[in-house]
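Please look over the sequence and the 3D structure below. Then read on for a short report.

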Amino acid sequence: MSEVLVLVDHVDGNVQKSTFELLAIAQQSGEPVAVFVGSDDQAQNAAAPLGQYGATKVLVASDPALNEYLVAPKAELLAQLISERQPAGVLVSSTAEGKEIAGRTAIKSGSGVITDAVEVEADFTATQSVFAGAYTVTGKVTKGTPIVAVKPNSVSPVEAGAQAAVEAVNFTASDAAKTARIVSVEEKPSSGRPNLTEAPIVVSGGRGTGGDFGPVEALADSLGAAVGASRAAVDAGWYPHSSQVGQTGKVVSPQLYVAAGISGAIQHRAGMQTSKNIVAVNKDAEAPIFELADYGVVGDLFNVLPQATEAINARK
């Protein structure tokens, strides 16, 4: 059975849920092999959860350049592994960094690449949203090793109960890859809420909030959800840019997306319309967001959201 390489997304050894989702896809296509960038100690700690969700091996690359420089060394690492191990495919998370790594790896290995996939079949045929989410297409890599970047929350993790063997990888980044050094790292203040791109539930606010995100945050906290914002709200300075959902912000695909006071312009729709269930709250019954929503409430979010929050809390 051919290997399927999965680039591990982790924070100091704590593996992100998106990686477990990639391992679920890998299980249907071959032997899941995790590629871990970090120290040996971190990899040893991560081996247990990675094995639990299907990885049979954890390939550890510890060259300091992989974390001291931007994505180029990681792309070199994956290209080297493709050459050495001839895997059936490579899976990465479809984040800003993941997509750049996928593209660079594809060029270095002479392979095709698909990004923003929401479904991947056993033969690496992938379904994705294109043209700002206006169309859904199915595609398949026809040259080299398929490299697919998959949106978080596209599939559910599948426990396999495997034991992953940790194996060191002999890798040294080239000088050509050491052109953009990371000079500082600042920890983002914790909000106590899930990561926006990985959260199973997202509650977003837009121009209709008038700058008051209190009801949006209260509903999000009652649901254990992440908080997002439209471009209009972010550009007005009402919410941080790191929370922007849309074509020029974060692309999310949660199980539930609540759009409060958001008109539904194409820029925003491109960042959330692959969500499994969409609920819209807007005073304007003609707002474009209702064309996309599974459930819609025509009303003032300052009346609707507090009632929803109260009802949810009452059921806990």
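Predicted model: local features only at pLDDT ≥ 70, side-chain atom pairs only at ≥ 80, totals over all residues.

Residues are numbered from 1 along each chain as its sequence is written, and side-chain values use heavy atoms, with hydrogens and water left out.

**The core**

A nonpolar core is a set of buried Ala, Val, Leu, Ile, Met, Phe, Trp, Tyr and Cys residues joined through side-chain atoms within 4.5 Å. Buried means under 20% relative accessible area, exposed means over 50%, and partly exposed lies in between (1.4 Å probe, protein chains only). The largest nonpolar core has 29 residues. Leu-50, Val-58, Leu-91, Val-120, Val-148 and Val-150 touch the most other members. Helix α1 gives the largest share, five residues. Helices (H or I, at least four residues) and strands (E, at least two) are DSSP runs, numbered from the N terminus. A second, separate core holds 25 residues, including Leu-7 and Ala-61.

**Helix α2**

Helix α2 has 13 residues. From first C-alpha to last, α2 reaches 19 Å, close to the expected 18 Å. The expected span is 1.5 Å times one less than the number of residues. At Ala-46, α2 bends by about 35°, and Pro-49 follows within four residues. A bend is the angle between axes fitted to the seven residues ending at a residue and the seven starting there. The buried residues of α2 are Ala-43, Ala-46, Ala-47, Leu-50 and Gly-51. Just after α2, Gly-54 takes a positive phi of about 115°.

**Charged pairs**

Side chains of opposite charge can pair when their charged atoms come close. A salt bridge is a side-chain nitrogen of Lys or Arg within 4 Å of a carboxyl oxygen of Asp or Glu. The count comes to 12 salt bridges. Here are some of them.

| Pair | N to O distance |
|---|---|
| Lys-99 and Asp-116 | 3.3 Å |
| Glu-100 and Arg-104 | 3.1 Å |
| Asp-123 and Lys-140 | 3.4 Å |

Lys-99 lies in helix α5 and Asp-116 in strand β7, so this pair ties together parts that are 17 residues apart in sequence. Lys-99 is partly exposed at 26%, whereas Asp-116 is buried at 16%. Glu-100 and Arg-104 are separated by about one helical turn because they are four residues apart in helix α5. Glu-3, Lys-57, Arg-85 and Glu-167 are linked in a network of salt bridges.
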